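Here is a walk through one protein model. Keep the sequence at hand and follow the residue numbers.

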Amino acid sequence: MPKIVFIEHNGTHHVVDAPVGKSLMQVAVDNMVPGIVGDCGGCCSCATCHGYIEGEWADKLPPKQEDEEMMLDGALEVLPTSRLTCQVFIKEEYDGLTVKLPASQF
Ligand code: FES
């Protein structure tokens, strides 16, 4: 099973098992990672699951869909590597994928 690394704004690392097919948001919530809220349950309507995809991983993920782009337009602290983690679904090859979390979600 792939492992995903979440890094809180304060630098705390969380390395968690990520079942294939689950969203990054759901994996974070299931493992009680602070900084991923997921208020809307993953239907792309709250932006409380915002995260920054680290390093080369940012280019390896499928591109954002229009609804994700629209929600990120209204989010705080958006960077080029920003994603809504509820819209990224775990694949076997994502082992080691690393996501930093913005200060605004604490
Ligand atoms: S959980 Fe609401 S937009 Fe991702």
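The paragraphs below take up salt bridges, then a charged patch, then a loop residue.

Note first that this is a predicted model. It holds 5 salt bridges. Three of them are described here, including the pairs K100 with E54, K60 with E56 and R83 with E68.

Start with K100 and E54. Their side chains meet in a salt bridge, at 4.0 Å from N to O. K100 sits in strand β5, which covers residues 98-100, while E54 belongs to the loop between β3 and α2 (57-60), so this pair ties together parts that are 46 residues apart in sequence. How accessible are the two partners? K100 counts as partly exposed, at 36% relative accessibility. E54 is also partly exposed, with a relative accessible area of 27%.

Move on to R83 and E68. Here the side chains meet at 2.8 Å, N to O. R83 is part of strand β4 (residues 82-84) and E68 is part of helix α3, so the bridge ties together parts that are 15 residues apart in sequence. Are R83 and E68 buried or exposed? Both are buried. Buried means under 20% relative accessible area.

Next comes the pair K60 and E56. The closest N and O atoms of this salt bridge are 3.1 Å apart. K60 is partly exposed, with a relative accessible area of 48%. E56 is exposed, at 52%. The cut-off explains the two labels, because exposed means over 50% relative accessible area.

Now turn to the charged patch. Which residues form the negative surface patch? They are E66, D67, E69 and D73. E66 lies in helix α3, which spans residues 66-73. Helix α3 also holds E68, the partner of R83. E66 is exposed, with a relative accessible area of 62%. A patch residue needs over 30% relative accessible area and no salt bridge, so E66 at 62% clears the accessibility cut-off.

Finish with V37. Where is V37 placed? It is in the loop between α1 (24-30) and β3 (50-53). V37 is partly exposed, with a relative accessible area of 39%. Its neighbours within four places in sequence set aside, V37 is in contact with V29, T48 and Q105. Contact means heavy atoms within 4.5 Å. G51 is 14 residues from V37 along the chain, and the C-alpha atoms of the two are separated by 11 Å.

Definitions and conventions: Residues numbered from 1 in each chain as written. Predicted model: local features only at pLDDT ≥ 70, side-chain atom pairs only at ≥ 80, totals over all residues. Heavy atoms only, no water. Patch = residues over 30% accessible without salt bridge, like charges linked within 9 Å, V, L, I, M, F, W, Y side chains within 5 Å. Areas by Shrake-Rupley, 256 points an atom, 1.4 Å probe, with all protein chains shown as cover. Lys, Arg positive; Asp, Glu negative; His and termini not counted. Charge placed at Lys NZ, Arg CZ, Asp CG, Glu CD. Helix = DSSP H or I, 4+ residues; strand = E, 2+ residues; numbered from the N terminus. Buried < 20%, exposed > 50% of the residue type's maximum accessible area, 1.4 Å probe, protein only.
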